[in-house]
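Me: Please go through the chain interfaces and the ligand sites of this model with me, one question at a time.

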Amino acid sequence: MSDNVEKYIKRKVYKKENSRIAQKFVDAGLEKIRSCINCGTCTGSCPSGRRTAYRTRSAIRKALTGDESVLQDIDIWLCTTCYYCYERCPRNIPVTDMIIKLRNIAVEEGFILDNHFTLANDIFYETGHGVPANGEGNKKWRDLRESYGLPPLPPTVHTHPEALKECQELMKSVGFRDLMDNVAEKKKQERAEQEKEEVKEK
Amino acid sequence: MTEIQKEIKVRAKDRPQIGVYVCHCGINIAGVVDVVKLKDYALSLPDVVLAREYKFMCSDNGQKMIKDDIEAGLINRVVVAACSPRMHEPTFRLTCKEAGLNQFLFEQANIREHATWVNMQDPEGAYDIAKDHIRMAVAKSRKLIPLQVQKVKVEPSCLIIGAGIAGMNSALDLADEGYKVYLVERSPTIGGHMAQLDKTFPTMDCSACILTPRMVDVARKKNIEIMSYSEVVDVSGYVGNFEVTIMKKPHYVDQEKCTACGACVESCPVTCGNEFDLGMGTRKAIYIPFPQAVPGQYTIDMDKCIKCGICARIDVCEPEAIKYDDKPEYVKVNVGTIIVATGWDLYDPTELVQYGYGRFPNVITGLQMERLLSSFGPVLGKPVRPSDGKAPHTIAFLQCVGSRNFREGGNTYCSRVCCMYATKQARQYKEKHPEAEVYIFYMDIRAFGKGYEEFYESAAENYGIKYIRGRIAEVYGGENDSIIIRAEDTLLQTPIEIEVDMFVLSCGLEARADSDKVSSLLSIQRSADGFFMEAHPKLKPVDTLTDGIFVAGVAQGPKDIPDTVAQAKGAASSAAALMAQGEVEIEPYYSVVIEHLCSGCRSCQSLCPFGAIDFDEFKKIAVVNPALCKGCGTCVSACPSGAMVQNHFANFQLDSIINVALKQPTVENGGK
Amino acid sequence: MSGEKKWRYAFFLGCVAPNRYPMIESSIRAVFDHLGAEILEMEGASCCPAPGVFRAFHIPTWLVIAARNLTIAEDLGVDVITGCNGCYGTLRDAWYELLHEPELKKMVNEHLAKVGRKFKGSIEPKHIVQALYQDMGLDYVKGFVKHKFKDLKVAVHYGCHILKPSDKRPWGGDYENPRFLDEIVEITGAKSIDYKDKFMCCGAGGAVRTAVKEVAADFSREKLVNIRDSGADIIIDCCPFCHLQLDLGQMEANNYYKDIIGEQFKVPVIYLTQLLGLSFGIDPNELGLIKNHELSGVSPFIPIDPFIEKIKEELL
Ligand SMILES: Cc1cc2nc3c(=O)[nH]c(=O)nc-3n(C[C@H](O)[C@H](O)[C@H](O)COP(=O)(O)OP(=O)(O)OC[C@H]3O[C@@H](n4cnc5c(N)ncnc54)[C@H](O)[C@@H]3O)c2cc1C
Ligand code: SF4
Ligand code: SF4
């Protein structure tokens, strides 16, 4: 085949996407975006879009049309939730909240960055804090607290193991533990497949 | 039309013989519920002697079925189960009348809007609701009493509120047809907003050139009495016979003596912002709004006047026309009809903080741009930036400011004129400055009128105006008072930043801030958008729900000048049609006093909002004036003795409905 | 301070303030005590959980854990205050949703019941700024000012979640151009100077900092350029996470974007109550403004000495 065929022929025509995902969007209440007029106020207001490839309106539009590629794209993780789009949308669409819901679906489908997964699974679940001060690596922060006359650890879950248990119990009850386990499983499979491909290529 | 038969005498105590007619309304009703079963159900109800179903009861054939049954003496009351009485009650009443049956022995059950339309997904529920409605209508029908319509004389004169292009056109038409017109205008001059415009889309004729001759015409017409600088303060009466009180505000200048020489203006030491130029030009405390104002009357703005007395000096005002102690004057007129043509206010964009209006000097509204472009305007048609008086090189317009905005404070509707006026202004600016760069940011361009799409196309092709599809998100200030715009070019899916010298907000049209006052003054309704409501969006576009009162121009909803004028002419013609008849029928739904029950406590008299109740000092009882009574029912519920009865809606009639509604609750699913 | 306090609040610490910027925690404690407000500890509280991170992973988890934190304050019977915009966002949005959506409340309480808790909605979560501005009032707070910093030019950074979503915030819907924080800052005599895109986000939130630090740092870069252009001496903020991003992120911007920023950034970042405390005459040690340790690699990353230098005179 000629190189130019590779280079120039792009037969991609948008076809209706996976209805399972589209249904998930509906279940998550994302149909609120149906009244979107694609005015671009959200994208125009977005400080992230000014420096990244994230396009608020395009993400919203993909969700509306059931285009699941939006879930795999890192773009939706570049929204800082500054809420400008939410405040200005002329159709009163809670845009930021919609992006958050999209992320929820993405996670459910196993699309979560490693950093985020570690934060959720290894740090938040294990310590009850998003930014903890316990553990060996964090000694300097405990020392710093003491240097300002504070106890080395704050009166939070850090000093109340029973409270941490309570949090973990709640996280199990509400489905966070299962969610994380599923994600871990998906990530493992993905890695295995990747390795297989690499071996094949070799 | 068939001839009206001799009226069949039906007395209240005659046994009711009811005919029930179930309409299919094509598939609107029959497509959801079983009309044959409904008909059979109707037959099972007391006093129903026959029931029929038919495809379209309102058709000639359908009406003939009813007439035949009446004429054959089979029935003496009619119930039609069909659409809303708003649609066809008049039709079927006439049917009854033509067949010789008193038209008030007709009752309509609305099984379309109330049952089948709202319950299309639930046919069983719809069927149950339809049954309820038919049962209730039959119950009321049994209790109906024949009534006689009243006829009242119509005064051959019209009050027009608002003398913009709408009010003036209505006035001219009515005057030409020979009716007396009182044209009440709040500001010192007639003309309305059109006087502020420079050119008009899509033909680009000069607004003043087509408006001022009309203004002069209005002033010349003998039948038209212009009452400028005046406001309607009270309206009483009813269709054909409105009594109106008008307050003429004090000009502080004796209009008889004033020769309009203008010497006072030159001598007045107070300079202030000119409303007509939206604060961009100036006037004195004594002023006329603009040179071609009609009437050319001078007025002192007492909020600004410092009472220095200079204008009153004889060497300034020779005819001694200045009258600092001028008082408002109240005038009463009787009119048969009223046309409301109060127009619009411009949306105030201050609350959209992100667009910088009021924060940055070079952010202006579309109406301000109109004044800048006007050759009679503050800069004689050479637009400059408010900040430095220099001609801007780049201008951006933003469409839908305050319009199509579903957030709090916004207007949800499309204002219909802004796309075109921005295109017009952009073209005008490019005509003056071909080298300028002009952007229009839009969500959709609405160019729906005759010649509008062509006008838009030419703006892009021949004038090089750059249309960018995207609603501006925010602006911030740049160097030299420039404005930097942030938006998305939605067609490219890219955020953009553009620096412009001037930023024009294409603000939409809004209902007048005092619409509430006008609506309660006239007892007319407003729709959700705030504008005055027409009686029917398609078939009665110039009528209000109050008989004898019509609406024209933007007062009814946003529209351009061609549509405004068309509607104004429509309103004039509807008013004229009413006045030409000389008399109108009004429904006899007034209250009556059962004399022997009335204890003369007068509770009703003080509560009646229409002043329709008199007191008979001799008999010591209340007396209702049928012509003034609007049938609101306030007195009925107020009367402690149960002496007040409202025709057609008497307690025993309403009770009969409630009784059967409650007795057989067939709507198991709660009417879902 | 003695006896009866005028106000009582449950103090929600969150994560970043206690565990990375303890000087923020100690300055809030010192200032509130000084103003006559009693601070109650929320024993066993956890991460709020962060609105842009954990809420983005699983909304129900976010809601349940937030509700648990609120119940700790409900047990104390007083309103919650937090010095963090993120915690404020979580606690207030969760509180608002639970008050307005009975279905959600039911769901949350079913889970909470398993650990013997119940969300009642009996207390209100507040930002410390809200407590200062609305509960105490400017006039009251002004009464405590001892030192005025006349020459100090301040770039005020509000952060996002103290203002937005505005329908769930107590500022009457104003999010485009509010003044309340500037007003508080200005009672110290400092001048809040206007700068371009003042209300722009610091870049940390919404899980962006964890996702791609360079993106977060580019937000900060833009803000810092604007702040530098305005001639501000310091940045004042009211959120430990913004604080971290503007402080540590300043270092990161200096590193990632050294080619385009010209001179390296070095604007001291000071938390609102540190500035207030100084002007009230509180010991700078209590406000965490004096370094008395030999630790390395700890906050603040951008030295605050130029700030101390600038106002030293006024403190004497
Ligand atoms: C910037 C701009 C440019 C436009 N350009 C064009 C154009 O090029 N072509 C076009 O076709 N259309 C244009 N329009 C639309 C046009 O202005 C309207 O169609 C027109 O003004 C409608 O006239 P009106 O008589 O209904 O209302 P108005 O012009 O508002 O007149 C109403 C009159 O009623 C008076 N009034 C109000 N309330 C009372 C009261 N309570 N008592 C007594 N008097 C009262 C007012 O003082 C006023 O004189 C433009 C609109 C704008 C905003
Ligand atoms: S601002 Fe609202 S209506 Fe406009 S494109 Fe974004 S989501 Fe759609
Ligand atoms: S006319 Fe155009 S600019 Fe005006 S509201 Fe309608 S779409 Fe928007």
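The questions below concern a predicted model, and they take the interfaces before the ligands.

Me: How many salt bridges are there across the interface of chain A and chain C?
Reply: In this interface 62 residues of chain A touch 76 residues of chain C. One salt bridge joins the side chains of C:Arg68 and A:Glu166, at 2.8 Å from N to O. The count for the interface of chain A and chain C is seven salt bridges.

Me: What area is buried between chain A and chain C?
Reply: Across this interface, 31 residue pairs are in polar contact, both residues being at pLDDT 80 or more. The side of chain A that touches chain C divides into 33 nonpolar, 17 polar and 12 charged residues. Carbon and sulfur atoms give 63% of the area buried between chain A and chain C, which is about 5,900 Å².

Me: Which helix gives the most to the side of chain A that touches chain C?
Reply: Several helices of chain A each supply at least two residues to this side, among them H7 (95–108), H8 (114–127), H10 (161–174) and H11 (176–201). With eight residues, the one that gives the most is H10(A).

Me: Which side chains meet in a salt bridge between chain B and chain C?
Reply: Six residues from chain B and six residues from chain C make up this contact. The count here is one salt bridge. On the side of chain B that touches chain C there are two nonpolar, one polar and three charged residues. The salt bridge, at 2.6 Å from N to O, is formed by C:Asp197 and B:Arg486.

Me: What area is buried between chain B and chain C?
Reply: The rule finds two residue pairs in polar contact across this interface, both at pLDDT 80 or more. Carbon and sulfur atoms give 44% of the buried area, and the area itself is about 450 Å².

Me: How much of the accessible area of ligand 1 does the protein cover?
Reply: Oxygen atoms of ligand 1 lie 2.7 Å from a polar side-chain atom of B:Lys424 and 2.8 Å from a backbone N or O atom of B:Lys559. The side chain of B:Trp344 also has an N or O atom 3.1 Å from an oxygen atom of ligand 1. Of the 1,000 Å² of accessible area that ligand 1 has on its own, the protein covers 98%.

Me: How many residues surround ligand 1?
Reply: Elements of chain B that each supply at least two residues of this shell include helix H6 (165–176), strand E19 (344–346) and helix H13 (561–581). By class, the shell has 17 nonpolar, 10 polar and nine charged residues. The closest residues are B:Glu185, B:His193, B:Lys424, B:Lys559 and B:Ile561, and the number surrounding ligand 1 is 36.

Me: Which charged residue is in the shell around ligand 2?
Reply: The shell divides into seven nonpolar, three polar and one charged residue. Its members include A:Cys36, A:Cys39, A:Cys42 and A:Cys89. Arg counts as charged, and the list around ligand 2 holds A:Arg57.

Me: Which elements give two or more residues to the shell around ligand 3?
Reply: Among the residues that surround ligand 3 are B:Cys400, B:Cys414, B:Cys418 and B:Cys419. The elements that give two or more residues to this shell are strand E21 (394–401) and H10 of chain B.

Me: How many charged residues are in the shell around ligand 3?
Reply: Residues around ligand 3 include B:Arg404, B:Arg416, B:Asp444 and B:Arg446. The shell also has five nonpolar and three polar residues, and the number of charged residues is four.

How values were computed. Residues are numbered from 1 along each chain as its sequence is written. Chains are lettered from A and ligands numbered from 1 in the order in which they are written. This is a predicted model: local features need pLDDT of at least 70, side-chain atom pairs count only at pLDDT 80 or more; totals for chains, interfaces and linings use all residues. Side-chain values use heavy atoms; hydrogens and water are left out. Contact means heavy atoms within 4.5 Å. Buried area is the accessible area (1.4 Å probe) that two parts lose on being put together, summed over both. A salt bridge is a side-chain nitrogen of Lys or Arg within 4 Å of a carboxyl oxygen of Asp or Glu. A polar contact is a pair of N or O atoms within 3.5 Å; within protein, one must be able to donate a hydrogen and the other to accept it, and residues adjacent in sequence count only if both atoms are side-chain atoms. A residue is near a molecule or strand if one of its heavy atoms lies within 4 Å of it. Accessible areas come from the Shrake-Rupley method with a 1.4 Å probe; for residues, only the protein chains shown count as cover. Helices (H or I, at least four residues) and strands (E, at least two) are DSSP runs, numbered from the N terminus.
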